[in-house]
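Please open the structure in your viewer and keep the selection tool at hand.

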Amino acid sequence: MHRPTALGGALTALATAAAGVLVAAAVSTTPAAAAVGGTGTGYLHTSGNKIVDSTGATVRLTGINWFGMETDNKTFHGLWSSNPWRGQLDKMASLGYNTLRIPYSNDALKPGATASGINDFVNPDLVGLSPLQILDKVIDYAGGKGMRVILDRHRPTAAGQSPLWYTSTVSEATWINDWKMLAQRYAGNPTVIGADLHNEPHAEGTNPAATGACWGCGDTARDWRLAAERAGNAILGVQPNWLIFVEGVSCPSGGLSNVWDGDTSNDEDCGWWGGNLTKAKDFPVRLNVANRLVYSPHEYATSVYRQTWFDAPDYPANMPAIWDKYWGYLHKQNIAPIMMGEFGSTLADPKDKVWLENLMAYTGTGVNGMSFTYWSWNPNSGDTGGIALDDWTNINTTKQAILQPYLIPPVGGGPSPTPTTPGPTPTTPAPTGGCTAGYQQVNAWQGGFQGELTVTNTGTAAVNPWSVTWAWPSGVSLASGWNATVTQSGTTVTAAAPDWSRSLAAGASVTIGFTANGAASAPGTVKLNGTAC
């Protein structure tokens, strides 16, 4: 659920584009099959209320939504900004988001579909690519950072969401066939772990003349549970390793209560669009491959709609029972895992901060907590705003501080969600045997560039804490850096070890990413703790 705003930023960015952009060097990535830690190893499956990896280790998905592919742009929003697409993924991973939920519409999958809203000074490697080709690049790069990807059929067309999984112009067959195409496209790539079948099925029409999505009503044209089985089994027939994420409905009857009859005794208990899974225990989704089903409710705050429970006299103490009723019982009764696909708020109302703090506590801490993907990275969500601020680079620190204790970063992605306070650590002033350095210019645009400096400790002992320095020509200035605390004094740049990765073992490497202002320049006189590389 969202109302994107400020799409005009795409037009502004495009208006500044001109010929002669520099083409970035290709970035090699590591497949997620090798990933360990926050997102596990290999493909994922379920066991009771847990998501586990190919070794049986419990995995908690703590992710974020990056939308845009479901809109008229047909690709990720923010590609019009001055922050390159890789820089945005780098930031997400460094903050601790280990999973990316990617909304799309079937319009973006059509042959001949074109992506718009791309600043080709900043993202020259995306120029001329189709929406699916851009998606390929994002998935490849995210996988190299140890992140996982969930694909979300958000809308049948770019025009808007729909209560049912099909419309007069997008049939159920199209919906399923497009899912099968995506499953085949990413078969063998365990970065992509599953399908969120349809976003926010919900009620439409007034009972008893309901026309919206019901749960367990038995009408094949409206029963979302039956449709989820048809689509889920079709996908698993192509790609049996995927997880199938099934959202709830709003009202199990598929219709709105008649509020005009003055009789509230028979009015139905409804919830958020996609958020009502009260019938899932009695009418479970039945899949042909065992241990693939994850229920994925949505949950929102007053910035989306002021539900009655927000004004209850015992708020927020009343909220856990409400979450239990709509979807939490599935986790607590060990029926199936929960992956809360969307939740978010502007935090403009003081009640919303309390809501978010209590909701996160409800999901539980550590790897055994419920999985989630926060809505959203994008600052241009009219309902919630984003983790990124309007420049698509800086971060809403208030929201991030609430989420941070629950995030389990991908390997190499960011800080531990439960850091410990280390005691005094002996410092090795320099590596015994030296170091090597390699540089790759990732991107360049008029007035700036992006690069990655990889330094390897070729010595025989760990360097703890490590620090890398390099020199830039006069006129080149640091804009941002990641995977280290990067600062500049004069023409000297220092990348100091972050608290979550202070030691650089013998033979190990660290890659420091940065963007800079000025003429594209390779780092010179690179040193590791004072030893020249």
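This is a predicted model: local features need pLDDT of at least 70, side-chain atom pairs count only at pLDDT 80 or more; totals for chains, interfaces and linings use all residues.

**The disulfide of C214**

A disulfide joins C217 to C214, with a distance of 1.9 Å from S to S.

**The disulfide of C251 and C270**

Now select C251 and C270. These two cysteines form a disulfide in which the sulfur atoms are 2.0 Å apart. The link connects distant parts of the chain: C251 and C270 are 19 residues apart, and each lies in the loop between strand 8 (243–246) and strand 9 (293–295). Turn the view to look along the S-S bond. The torsion about the S-S bond of C251 and C270 is about 120°, so this disulfide is right-handed. Display the surface as well: C251 is buried, at 2% relative accessibility, while C270 is partly exposed, at 23%.

**The disulfide of C435 and C533**

Move on to C435 and C533. Their sulfur atoms lie 1.9 Å apart and form a disulfide. This pair, too, links distant parts of the chain, for 98 residues separate C435 in strand 14 (residues 435–445) from C533 in the segment after strand 22 (531–532). Which hand does the link of C435 and C533 have? The torsion about the S-S bond is -100°, and the link is left-handed. With regard to accessibility, C435 is buried at 9%, and C533 is partly exposed at 36%.

**The pairing as a whole**

Select the bonded cysteines together. How many disulfides does the count come to? The count is three disulfides. When the bonded cysteines of the chain are numbered in sequence order, the pairing reads 1-2, 3-4, 5-6.

**A glycine in a loop**

For the last stop, select G42. This residue is located in the loop between helix 1 (8–15) and strand 1 (45–47). The relative accessible area of G42 is 13%, so the residue is buried, the cut-off being under 20%. G42 and N241 are 9.7 Å apart in space, C-alpha to C-alpha, although 199 residues apart in sequence.

Technical notes. Residues are numbered from 1 along each chain as its sequence is written. Side-chain values use heavy atoms; hydrogens and water are left out. Helices (H or I, at least four residues) and strands (E, at least two) are DSSP runs, numbered from the N terminus. Buried means under 20% relative accessible area, exposed over 50%, partly exposed in between (1.4 Å probe, protein chains only). A disulfide is a pair of cysteine sulfur atoms within 2.5 Å.
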